[in-house]
Each structure stands twice: as C-alpha cells, then as structure tokens.
Amino acid sequence: MPDWLYTLTRYARQHPLGYRMMVYISACSFIFILCSTALQLSLDYGRELRVIDQQVELINRSYLASLAKSLWDLDQAQVELQLLGIQTLPDVIHVQLLNTRTGSILKLPTPAPMDSRQLSVHQFELMHVTTSQQARNLGQLQVSFDLQAVVQRVWHTGLNSLLNQALLVLLIVAVILVIVQRQITRHLESMANYSREIAAGKFDHHLQLDRTKPDQPDELDQLALALNDMRQAIQQDRDQLQLMVERRTASLRRARDAAEDANRAKSQFLSTMSHEIRTPMNGMLGMIQLLEESALNSTQQEQLQVLHNATDGLIDTFDHVLQYGRLEEGGWVIDQHDFSLNNLLHSLITLMTPGAEQKQLCLSLELPSALARHYNGAEGSLRQILTNLLNNAIKFTDQGQISLSCQLLSHHDQQHQLRFEVRDSGIGIEPELQRHIFERFTQADDSITRRFGGTGLGLAICHQLAQALGGQIGVQSIPNQGSLFWLEIPLAIASTTPHSPDLDSPHAQQPLSLLLVEDVALNQQVILGLLASEPHQISIASTGPDALQQSQKQHFDIILMDMHLPGLSGLEVSQQIRADSNNPNQDTPIIALTASVRDEDRQRYQQAGLQDVVAKPVRKPDLLTALCTYSTHTPEHSAQPDCNILDGNILNSHRQALGDAKVQQLLRSLAELLKSEWPALQQAVKKENIDVISEQAHRLAGACEMLGFIQTGQQLRILEQQTDTVTPQQEASLDETITQIIQHIQQQDL
C-alpha cells in the first residue's frame, strides 16, 4: 500500500477533529449541491416546456392557414412540403394530417420508434374561408413532441452541473482542511500532547506553538498561555502536596510507631495482668480444691461450693476479656482437624441436659440424615459458639423448651454449608437491641445484668469466631416469646475417618519423680496439696539456678516449670536444660505452670522445647491429665494398661465449656448409671435377651463416649451390634473396664 494511501486511511484516527470537519463540510456542501441541482433541473425542464409551447404557437400562427389553402387547392406537393417544415421544428417527432374531404391520412416517416417514448401530442383544425366567407373544415393536423428527448437533455445538463459543483466542493474542502490543519488542529494536537505530559508529571518545559506569531494574540495563544499557567500551578501544587505527603508520612510513621508501642504495651499489660491476677487466684482456687477434699459438714461444703463457683465465674470473666482482646488484634489461631459433628452435637446436649433439667426445661436435638460422618474444621471454636448459645438459652429461659437443630443448606465441592439454630421460649430481645446484641459489653438492660450477671462479651466472641470460621451469626426474637440464634458456616467433608488418640487418663497415676520449679511458697503448697493423694516423689526448686543444679544431679520423669521466676526465668531455664547435652533431663517433658497463656506465649514455650502448659490457677484435673499424658514419655511407664480408657481432650473441652463442677456432676451421674445399668445388662446377656442388650448397650455406649471413655464406648457398640454372639471374654473385658471407670471416678472425684 502506498504511503499516501496508508496515511489517508489512518487520517480519521490520527486527526479526528479534521476528519469530522471534513465530513460535516462535505455533507453540507453535497446537500447544497443536490438542492441547487434539483432547482436547476426544475427550471430547465420548465424552460423546455415553454419552448414547445412557442413552437405550438408558431405552427398555429404560421403553418395552419397556408396548409389549409394548399388542401383547398389540392396542392399535394405543397402540403407535404409544409408538413416537412413542421417536422423539422425542434423536438417534433411525428406529424400526421387527416383530410376530411377525401378521408385520407398523410403521415411523414418518424426519425425514431415511438412505442416506448413519452410524447406531447397537439391537434390543430384546418379551416379555410372561401370567397363567399364560408368557413370549411378541411381536416386535422396532429403534431407529437418528444418529451423523452427533452428530459434526457435536461438530465444531461443537470448531471454535468452536479459533477462540476462536486469537484469544486471537494477542492474547497481540501483547501479548508489544509488551512484548518495548519492553523488550528495541529496546534490543538500539540496542546493535547502537552496536557498528557503534564498528567504524566513532566513539568520540565513550557508549551511553545510552532507557528508565526500573529500581530494580535488569538485564541490559540490564549489557550497556550492558560496551559502554561496550569502547568506552573500544578507544579506548585505538586510540590506543596509532596511536602504535605512527606509530613503526613512522617506523622503516620510516628503514629504507627506509637500504635505499635501501645500494642506492645497492651500485650505486655495483658500478659502482666494475666500473671498478676492468675497468680493469687492460683492460691485461692488451689486452697479451695484442697478444702473440698477435707472433712467438712454439709453447710461448709455448700459454702465452699459457692466460693468455688464464684472463683470459676471470675476466671471465666477474665478469660473472656483476654480472648476478646486476642480476637480483636487478630492473634487468635483457629485449630482445624477432622471430627464427628454428630458426636459433637450429642455431647453438647448431654452436657447441657443437667442444667436444663434443674430449671425443668425440655432440651432437644434435631439433625438431618444427610450430614457427613466426619468434617474437617475448627471443632473447638464451633463447640464454644454453640455452648455459649445454649448456655444463654438456658440462662434466659424459665419455662418451656430449648432446641438445637442443624440444617444442610448446600453441598458443593466436598463442602457443606450448614446452619445451626438454637431456639428457646425465654424472655426474648427487644427489636432495637437486636442490631447491637453482638457488640461487646451489650446486654438487654441493666436489670438483666443485675439478674443474670455476665460481661456482655459472650455473643461478641461468638460473632468474632463465626467470622473467623468464614460464616455469619444472627438472631430473630420476639420479646416475651423467645429467641432464635442462628449460625451459618462452611465445613469441609473429611476424606478420612479421624483417629481418636489414646490419651492418658488422669486416673490411676503411677509413681513419678517430679521437679516443681516455683518461687511462691503458696503456689508450692497448692501443687503439693493437689498431688498429696498421688504416689509421686516431688522435689522443689525456688529459683532458676536451683532448678538447673537439681536437673543436672538427678533425672526426673516430668518437670513442672513456673515461667515467671526471679532472675533467671523459667523459659531461660528450660532452654538451658534443652541445650545441655550432659543434662540427664535434656529430653524430660517440661510442663509450664503459668498465668501467661496467650497464643504468642504458648508459641514461645513450644519453641523453647516445652511440651505443654497448665494455666494458673491450676485445676487438679488439668494437672493430673498433663502428668498422665507425658508420663508415657518415660520408659518405665510406657506400658500402663489404665492410661488409655479416657480421652483427655474431650474431658478438657467439657471443662472449658461447662466448668469443673458440672463435669464432676456428669461423671458422678455416669458412675451411678454404670452401677445401676451394667448388672442389668449382664443379666440380659446371660438370658440372651437381644432387645434389652441392644437398648442398654446403646445407652451406656452413648454416655461413655460423650464423657471421653471412647474405648469403653466402642466395646459397648460392638456388644450392641453383636447381641447374639457375645463371648465370655468380651463380657469379662467390659466388666473389668467399667469397674475401673467407676473406681476411678469414686477415687478421684473429678
């Protein structure tokens, strides 16, 4: 393609303004040409018709009289001559004479065929006046004019005029475009490019138009001047803005540093507060637990139980404040693993039933059949949300019923969208408060706070946990009619069946050699008192150097390490023990006894080589569970037959959700159930009563599994399914296991 043709094809895109001007001028010019040509055609056609009328008048005036006389004189040659003269007139295509005296018709030959032509026919009467003044009609003359020739001539003239004017217009448009391009558009393009450079931040030169400067500044000069002024103003504003940004950045940096300092101070404050509050409470709760094991009358026992419950309530309130702080600052870590949702929900109902029965409330569970057997997700967080909702439902309901239901909303890509609903018939919530019920420190009103207590953080924590799980939580309520709290979360379907680890039981402790590192004498007494009924050998170190010295001289099965020691901290002591290859306790399990139990604290302990953390104030079940768990790390206690009858994780989760008092009550109820139902089940086995075996084995299996006795529950499930093939060995093994459970519960009184 030639360069000029390529440039022409790109003209519309490169010069849109010039192209539009060309289009507009050309369109207007051609419309004007068409109108003027149409007018010219109309005028020419009218003129041609007038010429024909003049010829008709000429025939009427000059030929008719002589033609009539020639007919009267019977001069045939003269008639033909005169007709030939008429036919030579312009646009006459046919002449015909009708002689009425003889009845003959005289026609002259036509120069062109007449069948398809447009004609204008005129007829003339041939009258002759005799000498006696009589008028005689001698015939008729018919003259036909060729209108098609007239039209063709007019169109030919108009077309020539149209072409001439079009060429003239194109020439004018080209000249105008060149003038506009030279005088206007190229300068506008320069200004546009200059504006783009300004937008890109290029302020190094001012705009100078490439043209001869006119005598008087015109519009282009004014526009160029305005652009230069704008460049200068923008440059000044940019410099000022950059200075402001630098100042603002420095201010934000100082604010960020201050916020980080404040956050560190807050974290340090929470850590200090956790330690300073939990440390004295460790002594309080420890002494309460020791008093509970002493001989007291019923009144003293009730008073002590009230004191224990109040202490637990204070600890729960403190834990809520710390947990909400960790959720707000993003420090909460979601632990995901495979679990059985069916077991989780049934265990919640089992654990909540005693509290509901105390208020004579009916507690029910509704589950769909389409639930997966196992899911992968944050079981602990889900348990905490539902436990809080159920606790609130029981707390704020005086009569009626409470239901926990689960619905399968959708199933997509190995993931279930589930909706949990907790419905009660309690006091309800006012509509204006429902919008704020999940905000921190929000309760219905002061009377509710005075009546039921609480921090107002429970639902706020549920809301934060729901968001952390990728779900949402809400409420529907009618005052004095009840409330419905709902939770929607996605849960991934587990690809494999989760394995329940054989965790050690806090029961039937084997003798262990323990090193207790604790600087506070009261805390030493508490730990010694909690372990007084256990056959352990306990050595005490009050300082970090003393702990290092004793650990270098003697091997211990487990080291209980306080983290806040004067001078050399417990963390530093643990690190030195782990780093010393000559220390006989380099691989000994170390359990932290501390009030600093935030997630970042636990991570530091784990990085330093510690195995576990028992939070202060120390609860006896937690301490015994930790000792039994890590006693399996020592060779002499690696094969204890009694350390796998209880899943400590399940029991610990129940304690976190319900508190020690409720768990103790549930365990006592389990012991009573086993003592009353197991003999009846043995009798049914002997009598081969299949229905009774299946029913009672099912009841006992569910009760054992819900409280963490997984192995016993599995044995009872086998008995339930194989009612007709029970062997004496199976019955004997079950009898031994159930007897151990009953004895452990009675001896330890968890």
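I looked up Leu74 and found it in the loop between α3 (16–72) and α4 (76–87). I am working from a predicted model. Phi of Leu74 is near 60 degrees, which is a positive value in a residue other than glycine. I then checked its cover: Leu74 has 59% relative accessibility, so it counts as exposed, the cut-off being over 50%.

I went on to Asp91, which sits in the loop between α4 and β1 (92–99). Its phi is also a positive value in a residue other than glycine, near 70 degrees. Is Asp91 buried or exposed? At 17% relative accessibility Asp91 counts as buried, because the limit for that word is under 20%.

**Thr110**

I found Thr110 in the loop between β2 (105–107) and β3 (119–129). Its relative accessibility is 32%, so I noted Thr110 as partly exposed. I asked which residues Thr110 touches, not counting residues up to four places away in sequence. The list is Gln87, Ile93 and His94. I also took one distance: the C-alpha atoms of Thr110 and Val95 are separated by 8.2 Å, and the two residues are 15 apart along the chain.

**Whole chain**

I noted the totals next. The chain has 22 helices and 16 strands. It has 750 residues, and 43% of them count as buried. I looked at contacts between residues at least 6 apart in sequence, and 69% of these join residues at least 24 apart. The chain exposes about 40000 Å², with carbon and sulfur atoms supplying 53% of that area.

I took α8 (residues 341–358) and α9 (residues 379–395) as a pair. They pack at an angle of about 30 degrees, and their axes are 11 Å apart. That angle is under 35 degrees, so α8 counts as roughly parallel to α9. The crossing of α8 and α9 is right-handed. I listed the residues that meet: from α8 they include Leu341, Leu344, Leu345, Leu348 and Met352, and from α9 they include Leu382, Leu386, Leu390 and Ile394. Ser347 and Gly355 of α8 are also among them, as are Glu379, Arg383 and Asn391 of α9.

I then followed α9 to α12 (residues 458–468). How do α9 and α12 pack, and at what angle? The angle is about 150 degrees, with the axes 10 Å apart. I call α9 roughly antiparallel to α12, since the angle is over 145 degrees. On the α9 side the contact is made by Ser381, Gln384, Ile385, Asn388, Leu389 and Asn392. On the α12 side I noted Gly458, Leu459, Ile461, Cys462, Leu465 and Ala466. The crossing of α9 and α12 is left-handed.

**The sheet from β12 to β16**

I traced an open sheet of 5 strands, in the order β13-β12-β14-β15-β16, with parallel pairing. Which strands stand at the edges? They are β13 (537–541) and β16 (612–615); each has a single partner strand, so one side of each is left without a neighbour in the sheet. The twist averages 20 degrees from one strand to the next.

Strand β12 (residues 513–517) is joined to strand β14 (residues 558–562) by 4 bridges, and the two run parallel. Leu514 stands opposite Ile558 in β14.

**Helices on the sheet**

I checked which strands the helices lie across. Helix α13 (residues 521–530) lies across β12, β13, β14 and β15 (590–594), and runs at about 175 degrees to β13. Helix α14 (residues 544–553) lies across β12 and β13, at about 140 degrees to β13.

I then looked at what α14 packs against. α14 and α15 (residues 570–579) pack at about 25 degrees, and their axes are 9 Å apart. This angle too is under 35 degrees, so α14 counts as roughly parallel to α15. The crossing of α14 and α15 is right-handed. I noted the residues that meet: Gly544, Ala547, Leu548 and Ser551 in α14, and Val573, Gln576 and Ile577 in α15.

Note on methods: Residues are numbered from 1 along each chain as its sequence is written. This is a predicted model: local features need pLDDT of at least 70, side-chain atom pairs count only at pLDDT 80 or more; totals for chains, interfaces and linings use all residues. Side-chain values use heavy atoms; hydrogens and water are left out. Buried means under 20% relative accessible area, exposed over 50%, partly exposed in between (1.4 Å probe, protein chains only). Contact means heavy atoms within 4.5 Å. Accessible areas come from the Shrake-Rupley method with a 1.4 Å probe; for residues, only the protein chains shown count as cover. Two strands pair if DSSP finds at least two bridges between them. Axes are lines fitted to C-alpha atoms, for helices over the stretch in contact, and angles run from 0 to 180 degrees between N-to-C directions. Angles under 35 degrees count as roughly parallel, over 145 as roughly antiparallel, 65 to 115 as roughly perpendicular and the rest as oblique. A crossing is left-handed if the near helix is turned anticlockwise from the far one by less than a right angle, and right-handed if clockwise.
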